[in-house]
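Good morning, and thank you for the time.

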Amino acid sequence: MDTEWLTAMRPEVVAQLPSTAGEAARRRAASFVDQELISSVAFGDLRFDDGRIWRQDQPRSQGRYVHGFLFFSDWTKTLLADVTTASAAAAAARRIVRTWSEMHRHVSRATEMAFHDETTAQRLINLIALDHAFRNSGSALDERGFDVLMCETAEILAQESFHSTGNNHGMFQDLALLYWSIMATDEQEKRRLSYFHLSMKRLKTYFESCFTVDGVHVENSPTYHLMVSRQLGNVRKIAVAAAHADVVYYDKLILNAERYATHALMPSGTYPPVSDTQQNRIATSGANTVFQSGDFEYASTRGNRGSCPVERTLVLPDSGYAIYRSAWGDPDATFAFFSAAYNADYHKHSDDLSFFLRSKGVDLLSESGPYSYDYKDPFSRYAYSQFAHNSLVVDDISLPRTDQRAETVLLRTLEERPDGFTVEGTNGRYDDVVHRRIVDVREQAGVPEFDLTDEILSENEHTYQLLWNIGVDVSVVLHGQGFELFHGGKKVMDLLIEADVPTSLSLHEGVKKPRPLGWRFPKFGEAVPAKVIAVSFNGQSACVKTRIRFGEFSYSSRLSPDSSGWSRFLGEVPLNYQFRPGSSARGREYLAVVFSAINEPGDFTYNYKATVDEVDISALYILDDFGDQGAYYHSDHRSEAIFRSVQALIDWIARKHNVPPDKLVAVGSSKGGTAALIHGMAFPFGRIIVGAPQTHIGSFVAGPHPNILQFMAGGTSEQDIEHLDGIVQRVALSADRIPPTSILVGQNDHHLRHHVEPLVAELTAMGLPAPSVTALSDLSHADIGSVYRLFLAANLEQFVSGKNEEALPYRLTSTEDSGIVRLKVHAPSDVQLAFKLFRDGDLLARRGYSDRQVVLFRDLAPGRYRIRVYERPAGEGEPTAFTTHWIALE
C-alpha cells in the first residue's frame, strides 16, 4: 500500500504545527526546566508538582491548557532548537509526557479535561509538534510508549462515539487525525490511509454545515470565524498538496469567509467584543496569511498593507449581521456592528439584536466580552446574559444562553446604500414577547447618523429594559430621555430616545449583588467596572425610537462630566440637580427651589442663578431635561412619576438641611413659573414667586410645542390638551393650602388673558386664595426675564427678612462721586408711588404720590441708604409698601 504521497505532505503539516519563537517564549519554556513551572501569558506560573497540576481543581480554560500540552508550543523553536539547551529540555519534555501518560491510563478514571473532546485533539497536535522537534534534533520522542500514546490518541479521535460532530471541537479532532495520518511512522501505513480519508471526509462535512450561505462561521463569534477560516485554509493547503477533489470547494468557501472576516474587523484592527470574542491584535497573530486577497490584510493592519476594500457596509441577512464603517484605514473611523444571529448554540450569547458602536478610537456602545468558560461563575453567566449586551430584557430575567428558538431570530434587509443601510432584526425567543429593532444608518455631510426603532409586541403586561452598555473609556452625562458621552473632555456622542410609553433612565456600574451588572471583561478572568444605562418602561407593547448623533447633537452640552455642583437624585425617576447653601446661618434657614423655562430642544439648564445667588438664601436648581424640551417637571405620557420625583427631591433636600415647609419658596418664569405653581401648591411651600406662567399647559404647548404635548400627554388630541390644561387646577384642588403667590406678567402678554386671569377666576370660584398679580404695561412675554429678575430678587429679600410685604420689581443704584441714589421701580400703569429715603434708620427725605417710577436723591453724605416705597391705586385706595435693600455711599 503506497503512503509516500502522505509522507510527501509532511512539510505542509510542519508549517501548520503550533510554535512560538522569541525571548518571551524561551523564558516561559525555561521556567519548567529551571523551576518546574508551567508558564503562560493567560495563567501565569503554575506549579507542575510531579503532575498534581492535572488533578487539581482549575478553570476549564486552564485545564485545557495543561492537559492539551499547549505550553509545548513555547519549547519547539526555542529550547529544543538550541543545541545548548536541547538535551535538558528534551529530558524535561519526556518527563512531562511520561507522567501524564502514567496518570491517565484509564479514560474512565480521568479528570474531566484530560479527555475533553477538543483538549484531546490539542494534545495530539502538540505531541506531533514535539515529536517533530525531537526528530530534528536527532532523537525520537522517547521510548515506543510515547509513539503508542499518539497512536492511541488518534484511535480515540477516530471513534464516532468520541467525535464532536458539528462544532469546532470536532474540527480540531479531525485536524489532529489528519496531521497524525501524514506525520506518523510508515509502520502505521494502513491506519494512516484510513484516518486521512476519514478526517478529510469529516472536515468537509463540518465545513459544509458550519458556514452559512454568506460564508460566515455559525459559532457566533468573529474570532472563531477567523480561527475556523484559518483551519479551513490549512485544510485547503493539504487538499492542494494531495490534489484532492475538494480543492474547488475550499477555494470558493474561503473567498466568502474573507468578506465577513474583513468587515467585522474594527478600525483598530481587532474584533468587537461580541459573543466569546477575545480582543487581540489580528495583524500580529499570523492570520494575514489565511486569505488570498489583500482586503483582510488592509483591514487588520489599519491600512498599512494590503488593498483597500471597495464596500464600507456589509449586510448578511441569512447570517444575521449588518456592519458599517465610515472609512477604511482610519483608526478613528466610526464602526457599527448589529447582530440578529442565532446560527448555532456553540459560543452563543443572549445578544440577539445587540448594537455595538465605536468611533474616534473608543468603544461607545459596547458589550462586556467573555469572562470564562466556567458557566458556574457569576461573571461568566453575566457575560453571556442579556444584561451584558445592548438588548431587551423582559421582567428582569435574561433569556437563556441557548434554547430551541433559533429560527425566531431573523434579519431582514429593508434598504442598502453606499453610505449605510436600513435593516430590521427580530427576536422571538421570549415566551409571549416579540422584539423588532430597525437600524437605520446613513451619512449627512460625511458624518454618520444612527436611528434605531425598537418595537416590542405582547398581549400581556411586562416590565422592560433596553440596555446600553457604555465603553470604559468614555464618561456619561445622563438626562431624562437620553445621555451624552465624553472622551478626553470632549463630547463624542449623544443619544436621545422617544417612546410612546413613560420611560425612566438609570445608570449602574460595577454591581455585584444580587447579580452582576455593569462590567467589562477586557480579557479572560479580568473584570473592570463599566457603566450600563437601563431604559425602563412597563406595559404590553411599546415603541422606542433612539437617535444617535456624532454631530448636530440632540443635547446642548450645558453639563459635562467635569461640571461642578451637579448631583443625581435617584428617585422614582432620576433627576439632575444642583444645591447651593445660603452664605449665613439665617440664609440657610430658607430654600428657594428654582424651576426652568423652555429653551431650544435639547438645551437644558437652570434660570435666574445669578439673581438667586445674590440673595442670602439656599437654592435648589432642578433640571427639567425630560423629553427633548422638558415636561413642566410633571408628566411623561400621563405618568406623574416625574412630578412625584421632584416632590421627593424637594422633601429630601429640605429635611437634610432642616428647612421647614413655610420657609420654602418656589420660583420661575414661563414654564418654570408653571412648575413653581404646581410644586409650590402641592408641597405646599411658604411662598410662590413666578413670572408669566402657563396655567393651561395643553392649550399653550399645542401650537408652538406639540412635542411637549406629545411627551406629557401621550398624544396631541383635544382630550390630551384638556388633560394638560387641568393640571394646575387639579393640584390646587388637592392642595392642603395655597401659599401666598405673586405673579408678574405683562399687559401685552397673552399669558395675562389666557392663563393668569383664568387662574385667578378659577381659584376664586373654588373658594381658594387668589394670587397677587402685578401686570406691567409695555412688557411682552419675550421681555419677562429681565424684569422678573428684579421682581424675584426683591421678593426673595422680603421673604428671607421674614416680612410679608410684596415688592415691585426695582433697581437701586448709586453714584458715589455725586452723592446720588437712584431708584427705578417697575409698577403697573394704574398705580401711584411715594418714596421715603432712610439713612441708617433715620428718615432723610420723601417724595409724594405721583405717576413717576424713577426717583433720585442728590447731595447725600456717605452712609447706608434704603428707600421705603408706597404704592396705591391712582386716585384713592389703601396703600401697600415695601422696603428696598441697603445701598452704600462711600
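Let us begin with an open sheet of eight strands, in the order β22-β23-β25-β24-β26-β27-β28-β29, with mixed pairing. Its edge strands, β22 (566-569) and β29 (772-776), each pair on one side only. Neighbouring strands of this sheet are turned by 20° against each other on average, direction ignored. Strands here are DSSP runs of E with at least two residues, helices are runs of H or I with at least four, and both are numbered from the N terminus. Two strands pair if DSSP finds at least two bridges between them.

Please note that this is a predicted model: local features need pLDDT of at least 70, side-chain atom pairs count only at pLDDT 80 or more, and totals for chains, interfaces and linings use all residues. Residues are numbered from 1 along each chain as its sequence is written, and side-chain values use heavy atoms, with hydrogens and water left out.

Within the sheet, β24 (residues 591-594) and β26 (residues 664-669) run parallel and are joined by four bridges. Leu 591 has Leu 664 of β26 as its bridge partner. Helix α21 packs on the sheet, where it touches β28 (741-746) and β29, and its direction makes about 160° with that of β28. Such angles run from 0 to 180 degrees between N-to-C directions, with axes fitted as lines to C-alpha atoms, for helices over the stretch in contact.

Next, helix α20 (residues 727-734): which of its residues are buried? They are Ile 727, Val 728, Gln 729, Val 731 and Ala 732. Buried means under 20% relative accessible area, exposed over 50%, and partly exposed in between, with a 1.4 Å probe and protein chains only. The buried residues of α20 pack against α16 (671-682), α17 (697-702), α18 (706-713), α19 (718-725) and α21 (750-765); contact means heavy atoms within 4.5 Å.

I turn now to strand β4 (residues 321-325), where five of five residues are buried. Tyr 321, Ile 323 and Arg 325 point one way, and Ala 322 and Tyr 324 the other. With β3 (residues 313-316), β4 forms a hairpin with four residues between the strands, and Gly 320 in the turn has a positive phi of about 100°. Thr 313 stands opposite Tyr 324, and the bridge partner of Tyr 324 in β5 is Ala 336.

Finally, the cysteines. Cys 151 is buried at 7% relative accessible area, whereas Cys 308 is partly exposed at 43%. The whole structure contains zero disulfides, a disulfide being a pair of cysteine sulfur atoms within 2.5 Å.
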